[in-house]
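This report looks at the surroundings of a ligand and at the packing of several helices in a predicted model. Please keep the sequence and the structure in view while reading.

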Amino acid sequence: GIPTVRPKPLAERRHSRQIMVGNVPVGGDAPVSVQSMTTTVTADVNSTLQQIAELTASGCQIVRVAVPSQDDAEALPLIAKKSQIPVIADIHFQPKYVFAAIEAGCAAVRVNPGNIKKFDDKVGEIARAAADHGVPIRIGVNAGSLDPRLLEKYGKATPEALVESALWECSLFEEHGFRDIKISVKHNDPVVMINAYRLLAARCDYPLHLGVTEAGPAFQGTIKSAVAFGALLAEGIGDTIRVSLSAPPVEEVKVGTQILESLGLRERGLEIVSCPSCGRAQVDVYTLAEQVQAGLEGLKVPLRVAVMGCVVNGPGEAREADLGVASGNGKGQIFVKGEVIKTVPESQIVETLIEEALRLAEEMGVE
Ligand code: SF4
């Protein structure tokens, strides 16, 4: 096979305890997992399962479904049974849905301490049911629904307030000997979010679920999440991630996966290294890169494909990649593993790159 370049991790991973979300380990030395949340009405079982199947195909490892009503709770057994990946039930107000989700075979339950005041006296029962079924709990604190008591104490959702809310809720579970917990402290401002997670990471050993809440439409949300997760993951903080976008959830998974690949926390899949183009370009780099990307979409191999617009940096970059092209004079020099294997007319660059990529993939034993 072709050796892939694996950058050294930027910092040693924080030592967190490990929990199991269904068959997916979270925390400890488990790889950082990518999760998302369905946007369908959960009670619409067919649509929900259809979306879960799409998410699974895009590389999502854990999926969360909202449970705001009795109908949704009643749909959980079938969803949990048919989903190919572990299902987390997201519950805000109703303790009875927590019990229903645990009984339904959900892999985990997310509760929000801000909305959970009436849960306080139920925690013992919840802890017992969860422990009996081997179901971990995510304590999911959200700036937008912070416990009113803490809002009053801190004036707004500061990192300290978010962390205090989470650890207070943890302490209620700990009183019952329950420590099968992961935590999130989400805020829409990446700076507040980063500081909250740093504080939390220093004050407990629970695995952490990273998220920037209400991150926004795809472009802004992608950048906010990449910046915030990047800062934390580079410090070794974070065990599972969810990118929140006002976009279809499959996009969240793609972004999450790309963030992990960019940090070397996940083996790279296909990577197109294309130049930004400049006044020297002798070919339309944007179109070329897009056509190559489209032609290789779905190919699950760690291939670096360089698409370069001219012969200044082109050959150098193309040589560093597994496969590449340096264009010039209406032709493309095609490189494989550092060697020019042929020069083709511009019109054949895309098909030649795709052909060679498929050949390399086959050599690597990938369909
Ligand atoms: Fe410009 Fe050539 Fe560099 Fe592309 S490879 S940015 S065309 S100098």
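## Ligand surroundings

In this predicted model, the ligand is surrounded by Cys275, Pro276, Ser277, Cys278, Arg280, Ala281, Met308, Gly309, Cys310 and Asn313. Sorted by class, the residues of this shell comprise 6 nonpolar, 3 polar and 1 charged.

## The annotated C-terminal span

An unreviewed UniProt entry lists residues 271-356 as "domain: IspG C-terminal".

## Helices α6 and α7

Helix α6, which covers residues 159-174, packs against α7 at an angle of about 40°, and the axes of the two helices are 8 Å apart. This angle makes α6 oblique to α7, and α6 passes α7 in a right-handed crossing.

On the α6 side, the contact is made by Pro159, Glu160, Leu162, Val163 and Leu167, while α7 contributes Val192, Asn195, Ala196, Leu199, Leu200 and Arg203. Taken by class, the residues of the contact of α6 with α7 divide into 8 nonpolar, 1 polar and 2 charged.

## Helices α7 and α8

Helix α7 spans residues 190-203 and helix α8 spans residues 218-234; their axes come within 10 Å and cross at roughly 25°. An angle under 35 degrees counts as roughly parallel, and α7 and α8 are therefore roughly parallel to each other. The crossing in which α7 passes α8 is right-handed.

From α7, the residues that make this contact are Pro190, Met193, Ile194, Tyr197 and Arg198, and from α8 they are Lys224, Val227, Ala228, Phe229, Ala231 and Leu232. The contact of α7 with α8 has 9 nonpolar and 2 charged residues, with no polar residues.

## Helices α8 and α9

Helix α9, formed by residues 249-262, packs with α8 at an angle of about 35°, with the two axes 10 Å apart. Here α8 passes α9 in a right-handed crossing.

The residues of α8 in this contact are Thr222, Ser225, Ala226, Phe229 and Leu233, and those of α9 are Val255, Ile259 and Leu260. By class, the contact of α8 with α9 divides into 6 nonpolar and 2 polar residues, with no charged residues.

Key
Residues are numbered from 1 along each chain as its sequence is written. This is a predicted model: local features need pLDDT of at least 70, side-chain atom pairs count only at pLDDT 80 or more; totals for chains, interfaces and linings use all residues. Side-chain values use heavy atoms; hydrogens and water are left out. A residue is near a molecule or strand if one of its heavy atoms lies within 4 Å of it. Ala, Val, Leu, Ile, Met, Phe, Trp, Tyr, Cys and Pro count as nonpolar, Asp, Glu, Lys and Arg as charged, and the others, Gly among them, as polar. Axes are lines fitted to C-alpha atoms, for helices over the stretch in contact, and angles run from 0 to 180 degrees between N-to-C directions. Helices (H or I, at least four residues) and strands (E, at least two) are DSSP runs, numbered from the N terminus. Angles under 35 degrees count as roughly parallel, over 145 as roughly antiparallel, 65 to 115 as roughly perpendicular and the rest as oblique. A crossing is left-handed if the near helix is turned anticlockwise from the far one by less than a right angle, and right-handed if clockwise. Contact means heavy atoms within 4.5 Å. UniProt positions are given in the numbering used here, feature names are shortened, and annotations may be inferred rather than shown by experiment.
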